[in-house]
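Student: I would like a close look at one part of this structure: the ligand surroundings, and what packs beside them. Please take it slowly and in one go.

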Amino acid sequence: RAFAEEAQPPLASLEAIKHSASACTRCPLHSGATQTVFGEGPKDAALMLVGEQPGDREDLAGRPFVGPAGQLLDRALKDAGIVREEAYVTNAVKHFKYEPRGKRRIHKSPNASEVSACRWWLDAEIAELRPRLIVALGGTAGLSLFGRQVSVTKERGQIFESGQARVLLTVHPSYLLRLPPEERTREYARFVADLTIAARVLS
Ligand code: URA
Ligand code: SF4
């Protein structure tokens, strides 16, 4: 948390923060990616969703959760009675980390120091939005928001008080995409059940 403990600059607005983040060089990840993928959504959103980092599609589009994981997330939110457009959607890490393999770019998980460096921006988003609830999608979001390693299996579906906000931990939608179809159906239902807890907290 070395970076996150520095004083935050005065927060002009989310737009100003996004603009600063577009030139961020706080960690090495900016050099390989196309662009900073900042969060998006209404400034008065009660719910903030935090993923891991942009994927290949998000890196190119410059928007969070627009690829396959985003489509699954959209469906799960709808099934939980949450309107995605009313939520603020962002990531723990705002540059795509990957390994080139031929023409493809293979996702690599960010390490603890990259997560810690990028917490600067997530902190700024949280301070500006003051969401009533944050949903941490997966272990990297959990690591960022709790400042410690989390066990998604053991700690999912619970609401934690963490600094400035209440946080509910659940799985990352990409995890569901990697499961065989028969397990995916069951795990998808559990994911929707976790999101339904979030919907209930906000209602
Ligand atoms: N996975 C994430 O964690 N975030 C995105 O924006 C897309 C995929
Ligand atoms: Fe900055 Fe985050 Fe990108 Fe690292 S990943 S350069 S901390 S915006």
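This is a predicted model: local features need pLDDT of at least 70, side-chain atom pairs count only at pLDDT 80 or more; totals for chains, interfaces and linings use all residues.

Tutor: Of its 13 residues, Gly51, Glu52, Gly55, Pro64 and Ala69 come nearest; a residue belongs to a shell if its C-beta atom, placed from the backbone, lies within 6 Å of the ligand. Residues are numbered from 1 along each chain as its sequence is written, while chains are lettered from A and ligands numbered from 1 in the order written. Local features need pLDDT of at least 70 and side-chain atom pairs 80 or more, whereas totals for chains, interfaces and linings use all residues.

Around ligand 2 there are 15 residues, with Cys24, Cys27, His30, His95 and Cys118 the closest. That shell divides into 8 nonpolar, 4 polar and 3 charged residues. Helix H4 (residues 112-129) gives the largest share, 4 residues; helices are DSSP runs of H or I, at least four residues long, numbered from the N terminus.

H4 also packs with helix H1 (residues 14-21), at about 175 degrees and with axes 10 Å apart; axes are lines fitted to C-alpha atoms over the stretch in contact, and angles run from 0 to 180 degrees between N-to-C directions. H1 is therefore roughly antiparallel to H4, the term for angles over 145 degrees. Here Leu14, Ile17 and Ala21 of H1 meet Trp121, Ala124, Glu125 and Glu128 of H4, contact being C-beta atoms, placed from the backbone, within 7 Å. This contact has 5 nonpolar, no polar and 2 charged residues.

Notes:
Helices (H or I, at least four residues) and strands (E, at least two) are DSSP runs, numbered from the N terminus. Ala, Val, Leu, Ile, Met, Phe, Trp, Tyr, Cys and Pro count as nonpolar, Asp, Glu, Lys and Arg as charged, and the others, Gly among them, as polar. Angles under 35 degrees count as roughly parallel, over 145 as roughly antiparallel, 65 to 115 as roughly perpendicular and the rest as oblique. Two residues are in contact if their C-beta atoms, placed from the backbone, lie within 7 Å.
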